[in-house]
Amino acid sequence: MAAASGGGVRRWWRPLAGLGRVVRTICSSRRAAAEELRAEELAERLRARRSDEEKRESRLSSISGVLFSPQIPKDPAQRWVRELAMLSKQLQRVHPNVLAKVLKEETVYQNEEIVVINKPYGLPVHGGPGVKNCIADVLPILAKMLENMKAEPLHLCHRLDKETTGVMVLARSKEAAERIRLLFKTRQVEKIYWAISLGDPDPAEGIVEIPIVEKEVQSHQSHYKMTLAPNYRLSPEDGKVVKIRKNRNAESAVTRYRLLASSSACSLLELQPITGVKHQIRVHLAYGLGCPILGDHKYSHWSKLAPQKLPEITLRRLKLEQRKARHLPLHLHAHRLSLPLGERIDLVCKPPLFFQKTLKKLELDIAKD
């Protein structure tokens, strides 16, 4: 009876066991479906949360922009010139190691005697009041980055203005530096600059040979500027050319120029300074030819310090408002330098991106070398 009962129980349990398997399968499927549903819901929630966070970050960015940078415009062209205006300040805030790394990335040529860099805009060569970072101060770091930790500091051979970009030669030794400086002094180095100027020079090609002197400008804000000190003037009585007494503080200055392109009330000029007087190209173009360099706010006026006044067609092409013209950078670039070291070395640097963008906007085509 017990055996029979036991068999009956076993036979009775078999269908229940099968049912259990079915139930377990159904439950597992439902659980899997439920877990899949929960996973999809979780993913959807995460996507929604990420979207909300991005929107919040965007709002915070906009708010911070309003709070801390109220003058940054929305228009890309306006923002572009504003960013360029901030570049010098940014270079003064970075660590010297970072600045040396920037210069390393701008290295265009090097051999056993020299290192040539494409000098960035807004970076002073020498220190001075308010200058935290300059090229001279990071030359020991740059030498180690280019060679090794025991490398001798690099040496300056010449200088470029803070706002001027382009070819700059550094020497690996003191002896090489002295030799190259002598080449510059004796005018054996051929220097070619590119500049975008306002107006067209007349004639289109020629030489400006007018001495230059530094003078104090008496105005509501007195300041010093380089200016022309000509040896001749026109007589007011009969209009004849009259030789005048030479200013003993004036320096001889000679600049060769050539028009490469003209458009939008602006010109692309090729310039060869034969001498090396401070601000020579800027002064000869502004006061000698009446074609100040685009972005040269210092030499666009004599008696005052004020932003450069741009022609209407130039403003339209640059998509710029006159009140924002003060942010335009100086468009002067040291394009090529020919150095007679044994054999003559031709060193060429492309203009910076802002210079290239301006050429494109003004429809000034660069002549092929």
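**A threonine and the aromatic pairs**

Q: Thr255, buried or exposed?
A: Thr255 counts as buried, at 3% relative accessibility. Keep in mind that this is a predicted model.

Q: Which strand holds Thr255?
A: Strand S11, residues 254-263.

Q: What is Thr255 in contact with, beyond four places in sequence?
A: Its contacts include Gly206, Ile207, Val208, Leu271 and His284. Pro273 is also on the list. Thr255 and Pro273 are 18 residues apart in sequence, yet their C-alpha atoms are 4.4 Å apart.

Q: Which side chain makes a polar contact with Thr255?
A: That of Gln280, at 2.8 Å.

Q: Switching topic. How many aromatic pairs are in the whole structure?
A: The search finds three. In one of them, Tyr121 and Phe354 have ring centres 5.4 Å apart and planes at 70°, so the pair is edge-to-face.

Q: What does that pair tie together?
A: Parts that are 233 residues apart in sequence, because Tyr121 lies in the loop between strand S2 and helix H4, and Phe354 in helix H8.

Q: Are those two buried or exposed?
A: Tyr121 is buried at 13% relative accessibility. Phe354 is buried too, at 6%.

Q: And what about Tyr287 and Tyr299?
A: They also form an edge-to-face pair, 6.0 Å centre to centre with 75° between the planes. Tyr287 lies in helix H6 and Tyr299 in the loop between H6 and helix H7, so the pair ties together parts 12 residues apart in sequence.

Q: How exposed is each?
A: Tyr287 is partly exposed, with a relative accessible area of 24%. Tyr299 is buried, at 1%.

Key:
Residues are numbered from 1 along each chain as its sequence is written. This is a predicted model: local features need pLDDT of at least 70, side-chain atom pairs count only at pLDDT 80 or more; totals for chains, interfaces and linings use all residues. Side-chain values use heavy atoms; hydrogens and water are left out. Helices (H or I, at least four residues) and strands (E, at least two) are DSSP runs, numbered from the N terminus. Buried means under 20% relative accessible area, exposed over 50%, partly exposed in between (1.4 Å probe, protein chains only). Contact means heavy atoms within 4.5 Å. A polar contact is a pair of N or O atoms within 3.5 Å; within protein, one must be able to donate a hydrogen and the other to accept it, and residues adjacent in sequence count only if both atoms are side-chain atoms. Rings of Phe, Tyr and Trp (its six-membered ring) pair if their centres lie within 6.5 Å; planes under 30 degrees apart count as stacked, over 60 as edge-to-face and the rest as tilted.
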